[in-house]
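Please look at the sequence and the structure first.

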Amino acid sequence: MQTDSLLEFLLVEYRWVVVVTCLLPLSLLWKVWSTVRNYVVFKMNSAPKNHDKKVKEIQKQIRKWRMSGCQTKLCTARPGWQTMSFRQSLYKKSYTNIDINLVDVLEVDTENMTVRCEPMATMGQVSLTLQPLGLALAIVPELEQLTVGGLVMGTGVETSSHRRGLFQHVCTQYELLLPDNSVVTCSETENPDLFYAVPWSYGTLGFLLSATIKVIPAKKYVRLEYHPYTSLPELSRRFTHEASRPDSHMFVEALLYSRHEGVLMTGDMVDEVGADGKYNPIGKWYSEWFFTQVEKHLKRFQKGDKKTAVEYIPLRDYYHRHTRSLFWELQDIIPFGNHPLFRLTFGWLMPPEVSLLKLTQPAAVARLYERSHVIQDMLVPVEHLEDAVQKFHEEFEVYPVWLCPFKLPNQPGQLQLKSGKESEMFVDIGVYGVPKAKGYETVSSTRRVEEFVISRGGFQMLYADTYTTREEFRQMFSHSLYDRVRETLPGCLDAFPEIYDKVNRNVRK
Ligand SMILES: Cc1cc2nc3c(=O)[nH]c(=O)nc-3n(C[C@H](O)[C@H](O)[C@H](O)COP(=O)(O)OP(=O)(O)OC[C@H]3O[C@@H](n4cnc5c(N)ncnc54)[C@H](O)[C@@H]3O)c2cc1C
Ligand SMILES: NC(=O)C1=CN([C@@H]2O[C@H](COP(=O)(O)OP(=O)(O)OC[C@H]3O[C@@H](n4cnc5c(N)ncnc54)[C@H](OP(=O)(O)O)[C@@H]3O)[C@@H](O)[C@H]2O)C=CC1
Ligand SMILES: CC(C)=CCC[C@@H](C)[C@H]1CC[C@H]2C3=C(CC[C@]12C)[C@@]1(C)CC[C@H](O)C[C@@H]1CC3
C-alpha cells in the first residue's frame, strides 16, 4: 500500500491504536449519554410537548431563508460525519443548513400498533424504547445508528423485508415541512402523491418532521436455523423458496463466503428456548462476531456434518447481530477485534461509533478505501440472484456477501417494477470489503455492476457511491411521480436540487 510518508503508513497500519484507545471510550460516552437522555425524555414524556415547539424553531429558519431571498438550496444541518454512509456531502458547505433537532420517540400507539418518531431517532434508540413494551418496529434495519429520517428519505431493509417490504412500506404517515413553510401530513389516503414520492427522495421534497411506523408484537427470542450450502444454484433455489413461500419464516437471510458456498438462515420469533437448539446470546460483549459464528456452520458442513443447526437468540441481539462488527468491516480496522482475549477485555466497548470513525478518518485511509474498498448494496429481482453473484464475483470478488430478500410491491414512486407484476421478490446483495478481483478499478468496475443492475430492472442503494450518469440514474429510478410532485409543491424547485444532485459521486467526498 503506497503511502506518502511514514506517518501515513502508521496512521493506516496502526489506525486501531486511535480506535481502541480513543474512539471506543468516546463511543461508550456517546452511547451512555444518548441512552440515558432518550430514556429520561421518553419517561418524562417531554418529547411530544416539545415537538411543536421544535417545529416552530425549524420554521423560523425557513422563514429567515425566505426573507433572505432563497439564495441557496436547502439541506439538513446534520453533520456529514454523523451519517451512515462512507461519504460526506459536499453540498452541505454551500446550501443553507436547517437544524432538524428532532431526536425523539414521540408516541407509541398500541391500539393502532404504530409508533411516531422524529427523524433523528435512531434504530438502536427505537428498539430499546419498544423492547420493554413487548413491541418492535415491523422492519428494524440492522445498524443501531441509522436514523428514521435517513431510512425514510433513503431506504431501509432487514431480514423480514421478504414479508413486509422496505422501511417505507411499514410507514403509514409522514409529517413534512414544505419549502413554503407549511406543515403537511401525507399517507396512502391523504396527499398520496407526496406520500409515495417521499421514499428515496433524499430530502428534496421537504423536511421530515415525524414518521408513523408500524410495530409488531415482539417475543423474547429468535429461533434461528442454519442451512449451509456448497452449491450456489441449490442455495439460490432454497433462498428464493424460503423468501417467497406463503408460510415463510419471519426472518430470511444468507451469507456467501465464496462464489459457491454460503449459509442460509431462517428464523421465527418465539417466547421460550426450545430443547431442539442451544441458547446463544450473540449480543454479549464477549460473543464472537456473528458472521464468523455463521461461517463455522459452513465449515462443519464441509467436514461432513450435514445436520441443520438450531439456536435461540435474544430478539434485540438478533436485530443488531451485525452491529458489533459493522457487518465485517471492523476486521479491516481492528484486525484482532474478534480475538477472544480482546472480546473479553474490550468487547463491551464495541463497536466504535461509525460517526467517530468518519470524523477521525485519516486522508490516507480515505485514499486507500477510494482505491481498494467496496461498499455497495445492489437490489435485484431474486430471479437474477445467481447471475448477480457471478457478476459481483467477476468485478469485485469480496466476501462475505450479504443476501437479504425483500418484497417490492408495485406502487407509485421511484422504485418501479420493470416486470409490471403486482409485487416482486428482490434481493439486496451487500458487498463490503477489499476487492480481490483481478483488474479491479473502482469506477469502471462499479459502473459495469451498475449497468448490470439497470439491465435487470434493479436499484442501487444510494448511501453508497453511485457512478451513474444523470440519464442512467433516471433509467434506474422512475422520476415521473417525483418530477410531478416537485412541480406542484410551491417553491420546491427553488429550495431543493434533484435527488441525483445529492447522491452522485461527484457531490460527495
Ligand atoms: C463522544 C461523542 C460522540 C458523538 N457521536 C455522535 C453520533 O454518533 N451521532 C450523533 O448524532 N451525534 C453524536 N455526537 C454529537 C451529538 O450529536 C450532540 O451534538 C452532543 O452530544 C450535544 O447534544 P445536546 O446537548 O445538544 O443534546 P440535544 O439537544 O438533545 O441534541 C442536539 C443534537 O444531538 C444529536 N442527538 C441527540 N440525541 C440524539 C439521538 N438520540 N440520535 C441522534 N442524534 C442525537 C442530534 O444531532 C441533535 O441535533 C457525539 C458527541 C460526543 C461527545
Ligand atoms: N439495513 C439498512 O437498510 C441500512 C441502510 N443504510 C443506508 O443508510 C441510510 C440512512 O443513513 P442515516 O445516517 O440514517 O441518514 P442520512 O443522515 O445519511 O440521510 C440520508 C438522506 O436523508 C435525508 N434526510 C435525513 N433526515 C431528513 C429530514 N429530517 N428531512 C429531510 N431529509 C432528511 C438526508 O438529507 P441531507 O443530506 O439534507 O441531510 C440525506 O439525503 C439509508 O438511506 C440507507 O441507504 C446503511 C446501512 C444499513
Ligand atoms: C445493510 C446495508 C443495506 C448496508 C450496510 C452498510 C454498512 C456496511 C456501511 C454503511 C456506512 C459504512 C461506513 C464504514 C464501514 C461500512 C459501513 C458501516 C466505515 C466505518 C469504514 C471505515 C471508514 O474509515 C469509515 C466508514 C464510515 C461508513
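What follows covers the basis of the model, a sheet with its helices, and a helix pair.

## Basis

This is a predicted model, in which local features need pLDDT of at least 70 and side-chain atom pairs count only at pLDDT 80 or more, while totals for chains, interfaces and linings use all residues. Residues are numbered from 1 along each chain as its sequence is written, and side-chain values use heavy atoms, without hydrogens and water.

## The sheet

An open sheet of nine strands has the order β12-β13-β9-β11-β10-β15-β16-β14-β17, with mixed pairing. Its edge strands, β12 (278–279) and β17 (459–460), each pair on one side only. Two strands pair if DSSP finds at least two bridges between them. Helices (H or I, at least four residues) and strands (E, at least two) are DSSP runs, numbered from the N terminus.

Strands β10 (residues 251–256) and β15 (residues 401–409) run antiparallel and are joined by three bridges. A254 is opposite L403 in β15.

## Helices on the sheet

Helix α9 (residues 232–244) packs on the sheet and touches β9 (221–229), β10, β11 (262–270), β15 and β16 (423–433). The direction of α9 makes about 165 degrees with that of β10. Angles run from 0 to 180 degrees between N-to-C directions, and axes are lines fitted to C-alpha atoms, for helices over the stretch in contact.

Helix α10 (residues 290–302) also packs on the sheet, touching β9, β10, β11 and β13 (309–314). The direction of α10 makes about 45 degrees with that of β9. Contact means heavy atoms within 4.5 Å.

## A helix pair

The axes of α15 (residues 385–395) and α16 (residues 442–455) come within 10 Å and cross at roughly 170 degrees. The two helices are therefore roughly antiparallel (angles over 145 degrees; under 35 is roughly parallel, 65 to 115 roughly perpendicular and the rest oblique). D387, A388, K391, F392 and E395 of α15 meet S445, R448, V449 and F452 of α16.

Methods: Chains are lettered from A and ligands numbered from 1 in the order in which they are written.
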